[in-house]
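Dear colleague,

Please find the structure below, handed over for your review.

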Amino acid sequence: MNKWFPDYDPSVPDQVEDKNRPWDYDHIHPERYLTTETGRSRHNIPQIIRDWHRSIGNLRAWPLEANRSDGDLSPKTKFSKVSDRERRYHMTTSQDECNASFVGYEEDDWDDWCASVPEEVEAGEQPVQYLAYADYGVARQALVRAITTRFCKLYRHWYEELKIGDLMP
């Protein structure tokens, strides 16, 4: 964030709230797969998916203009195509975008993010409420694995960078 927005100071009073900031929270796996067109929760989606979907494992701080241009793209599409807006933030490859998102490029979690939205759903051949159907158990499992893997990576990075282990007796 510092690299992208060196002049942004969150301690300035008008930047403390969720406005006047150059970044946004992006759901890597879009919220639209869990809500209706009116924003209400879809029925029959397992609670474990609802709980993890709102965690930092599925949220990333992302440049506001890049997030808005991504819209509700699937993780596979987000990470496969670097937009012109993302290039402004020195991301020129899919690997750059994955690294900035704490997603392992071409690792197991990459496969899980890609498998979290079935091809037929992404192509518009099946409904976006696929998570409500048990037939999509493989996609459900991939989504939970992708989110929890990223969640653990984020905390591992925090733990190691701040040398938390060195503080323990």
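Glu37 is exposed, with a relative accessible area of 73% (exposed means over 50%, buried under 20%, partly exposed in between, with a 1.4 Å probe and protein chains only). Its salt-bridge partner is Arg42, the closest N and O atoms being 3.9 Å apart; Arg42 is buried, at 10%. A salt bridge here is a side-chain nitrogen of Lys or Arg within 4 Å of a carboxyl oxygen of Asp or Glu.

This is a predicted model: local features need pLDDT of at least 70 and side-chain atom pairs pLDDT 80 or more, while totals for chains, interfaces and linings use all residues. Residues are numbered from 1 along each chain as its sequence is written, and side-chain values use heavy atoms, without hydrogens and water.

The whole structure holds 13 salt bridges. In one of them, Asp26 pairs with Lys78 at 3.1 Å between the closest N and O atoms. Lys153 forms a salt bridge with Glu107 at 3.6 Å between the closest N and O atoms. Lys153 is buried, at 18%, whereas Glu107 is partly exposed, at 41%.

The largest nonpolar core has 23 residues; such a core is a set of buried Ala, Val, Leu, Ile, Met, Phe, Trp, Tyr and Cys residues joined through side-chain atoms within 4.5 Å. Tyr33, Ile49, Trp113, Tyr130 and Leu131 have the most contacts inside this core.

With kind regards
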